[in-house]
Amino acid sequence: MLDLITSVLETTLRLLPPILLAGFGGLITQRIKLVNLGLEGFMLIGAFVAVVMSYFTGSALIALLVTCFICGLMGLLFAIFNIKYKADNIVVSVAINMFALGITKYFLNILFGVRGAFSSPKIIGFSTIDLPFLENIPILSAFAHQSIILYLSILILIVLQITLFKTKIGLRIRATGPNSMAVQTAGVNVFKLKCMVLTASGILCGIGGAYLSLGQLTMFTDNMTNGRGYVAMAASNFGNAMPVGTSLGALLFGFTDAVTMKAQLYGFPPQLIQILPYLVTVLTLIGVGVYKKRKSKRRLIANE
């Protein structure tokens, strides 16, 4: 039984970073009252750029840095279109997702002459952090050989929590959502602040996407994000746009994915099992919606 728990935990941790990082990307945009449904597109572009750069440079680090730059730039463009030119954020998000799907297919064929998927020994994946002293300890052995991106995600969680709730810029970000006019009146350039937040959101999603193609696998396949950007948005909603809450939501969805994979090994029908993560996502969103509605109702009653 302990072996099964350890195995599920190990798989959960392996599947966690993409949802967690993109969830952070959704979290910070929620804080400025902007729903960024383009997380999926940012992740897909990140996954593709990472594979291309790793293939041509032979360095996972350079691939990650270029991915951050490209996805950050996309986040900045999102901000300019949405804030400066008043484009609807839902329309921009859908456009980004469709653009990502099309442009990755096009360049996959142009650069490598293949369709659907590309893999090569020249693609260098992210390294793992080996902790051999944990190998023989039940449950904890799940942490013995995890990707460096998992530990980077945990570090980002800590930095994000401190930045949002212990620094001046975090206070400004949190205040921009409820009342951006008041923040503007206080002398803060809200446009620059929102541009910065959306750029950071793009970078976080890009790292999540890069992990998919250089961490979980060392290859790129069409639409390999497979809805993880939307699941990440659900994790952010589950956590009420709080770093720790979003992490718990991402952990729940990662666990559901892990159970789905293990269940298939035990002979459960894959067509039935594969709907489990999406079913959990929908039920979670319904639960969060009901909880928020009841909380709002109780607050109204208390104020009367």
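1. Leu4 has a relative accessible area of 34% and counts as partly exposed (buried is under 20%, exposed over 50%, partly exposed in between, with a 1.4 Å probe and protein chains only). Leu4 is placed in helix α1 (helices are DSSP runs of H or I with at least four residues, strands runs of E with at least two, numbered from the N terminus).

2. The model is predicted, so local features are taken at pLDDT of at least 70 and side-chain atom pairs at pLDDT 80 or more, while totals for chains, interfaces and linings use all residues. Residues are numbered from 1 along each chain as its sequence is written, and side-chain values use heavy atoms, without hydrogens and water.

3. Leu4 belongs to a nonpolar surface patch of about 870 Å², made with Met1, Leu2, Ile5, Ile139, Leu265, Tyr266 and Phe268. Helix α1 (residues 2–31) contributes three residues to this patch, the most of any element. Patch members have over 30% relative accessible area and no salt bridge; nonpolar side chains (Val, Leu, Ile, Met, Phe, Trp, Tyr) are joined within 5 Å and like charges within 9 Å. A salt bridge is a Lys or Arg side-chain nitrogen within 4 Å of an Asp or Glu carboxyl oxygen. Areas follow the Shrake-Rupley method with a 1.4 Å probe, and for residues only the protein chains shown count as cover.

4. A patch of positive charge also lies on the surface, formed by Lys292, Lys293, Arg294, Lys295, Lys297, Arg298 and Arg299. Lys and Arg count as positive, Asp and Glu as negative, with His and the chain ends left out; the charge is placed at NZ of Lys, CZ of Arg, CG of Asp or CD of Glu. Lys292 sits in helix α12 (residues 276–303) and is partly exposed, at 34% relative accessibility.

5. Nine aromatic pairs are counted (ring centres of Phe, Tyr and Trp, the last by its six-membered ring, within 6.5 Å; planes under 30 degrees apart are stacked, over 60 edge-to-face, the rest tilted). Phe48 and Phe220 make an edge-to-face pair, with centres 5.2 Å apart and 75 degrees between the planes. This pair links distant parts of the chain, since Phe48 is in helix α2 (residues 39–57) and Phe220 in strand β4 (residues 219–221), 172 residues apart. Both Phe48 and Phe220 are buried.

6. Tyr55 and Phe118 are also edge-to-face, because their ring centres are 5.5 Å apart and their planes stand at 75 degrees. With Tyr55 in helix α2 and Phe118 in strand β1 (residues 117–119), the pair ties together parts 63 residues apart in sequence. Tyr55 is partly exposed at 21% relative accessibility, whereas Phe118 is buried at 9%. Ring pairs join Tyr55 and Phe118 with Phe56 and Phe112 in a cluster.

7. Helix α9 (residues 228–238) is largely enclosed by the rest of the structure, because eight of its 11 residues are buried. Those buried are Arg228, Gly229, Val231, Ala232, Met233, Ala234, Ala235 and Ser236. Asn240, which follows α9, has a positive phi, near 55 degrees.

8. Two C-alpha separations may be noted.
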